[in-house]
Amino acid sequence: MQNLYEEIIVLGLLLFAVFGIYLMLKVHYHFAFGLMKNTASYEKYHLAIDRAKEYLFFTLKVLLWLALIGMLAFGSYYLWNGISLKAFLFELWAKIPEGFWLEAFFVIIRIAVIIALSRYVLKIVYAFLDKNQQKAIENRCESCREITIVKFYTRLHNMVKYTVLLGILYRITLFFTFLDVVSRGLWILLIVYFIVSVGLLAVNGLTMMKEKRGA
């Protein structure tokens, strides 16, 4: 009976681990959507963004319940067949290399620092861009259209936002050797996105120059 209690405790810990992963994903996506606030694009598309956020968190909750049910079924199967969950976990634990948890702790600290600094820097950058956008609109020439200026700064906002976001995800994957393929994919995506964004920004900048020359 004592062993049964231990097995039930182990099953409870596994269920708690699933819930912990859900919380980590929830915090991550809260941060990702938080980066979109205080931007021109968010003010324009906030209803669609808020709806996407609502659907995403609903999906996370569905996945949480499916994972909890799956883990409960897995644990129940082991217990029903007399297989020790405790022994299974200790076997997995023994395969973890020495110093892994200390390294993981420092990795989590570095990730938290990167996210906190990035969010602080982005707030400063967004405030600077919004201030310059307002000045550009107020001081524009007669033939310069406001929509052209707004598009330029919106694209600049998005370029900074998604470049930083992809950069953070890339830097996080570098901490984990088993995510080598993912980190390479994110690096390629980051370069391609940055090149395309700069190209679109240059086209918008040329449009603004043409409107100024037409004054």
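Student: In this predicted model, how do the axes of helix α4 and helix α5 lie relative to each other?

Tutor: Helix α4 spans residues 100-138 and helix α5 spans residues 146-174. Their axes come within 11 Å and cross at roughly 170 degrees.

Student: Why is α4 called roughly antiparallel to α5?

Tutor: Angles over 145 degrees count as roughly antiparallel. The crossing angle is roughly 170 degrees, and therefore α4 is roughly antiparallel to α5.

Student: What kinds of residues make the contact of α4 with α5?

Tutor: The residues of that contact divide into 17 nonpolar, 4 polar and 4 charged.

Student: How many helices and strands does the protein have?

Tutor: The protein has 6 helices and 0 strands. Along the sequence, the pattern reads α-α-α-α-α-α.

Student: Why is I188 called exposed?

Tutor: I188 lies in helix α6, which covers residues 180-213. The term exposed applies over 50% relative accessible area. I188 has a relative accessible area of 54%, so I188 is exposed.

Student: Which residues make the nonpolar surface patch of about 650 Å²?

Tutor: The patch is made by W187, I188, I191, V192, I195, V196 and L200.

Student: What makes M209 partly exposed?

Tutor: M209 also lies in helix α6. Partly exposed residues fall between the buried limit of 20% and the exposed limit of 50%. The relative accessible area of M209 is 42%, so M209 is partly exposed.

Student: How far apart are the C-alpha atoms of M209 and C144?

Tutor: Those C-alpha atoms are separated by 9.0 Å, while the two residues are 65 residues apart along the chain.

Student: What percentage of the residues of the protein count as buried?

Tutor: Of the 215 residues, 27% count as buried; buried here means under 20% relative accessible area.

Terms used
Residues are numbered from 1 along each chain as its sequence is written. This is a predicted model: local features need pLDDT of at least 70, side-chain atom pairs count only at pLDDT 80 or more; totals for chains, interfaces and linings use all residues. Side-chain values use heavy atoms; hydrogens and water are left out. Patches are made of residues with over 30% relative accessible area and no salt bridge: like charges are joined within 9 Å, nonpolar side chains (Val, Leu, Ile, Met, Phe, Trp, Tyr) within 5 Å. Accessible areas come from the Shrake-Rupley method with a 1.4 Å probe; for residues, only the protein chains shown count as cover. A salt bridge is a side-chain nitrogen of Lys or Arg within 4 Å of a carboxyl oxygen of Asp or Glu. Helices (H or I, at least four residues) and strands (E, at least two) are DSSP runs, numbered from the N terminus. Buried means under 20% relative accessible area, exposed over 50%, partly exposed in between (1.4 Å probe, protein chains only). Axes are lines fitted to C-alpha atoms, for helices over the stretch in contact, and angles run from 0 to 180 degrees between N-to-C directions. Angles under 35 degrees count as roughly parallel, over 145 as roughly antiparallel, 65 to 115 as roughly perpendicular and the rest as oblique. Ala, Val, Leu, Ile, Met, Phe, Trp, Tyr, Cys and Pro count as nonpolar, Asp, Glu, Lys and Arg as charged, and the others, Gly among them, as polar.
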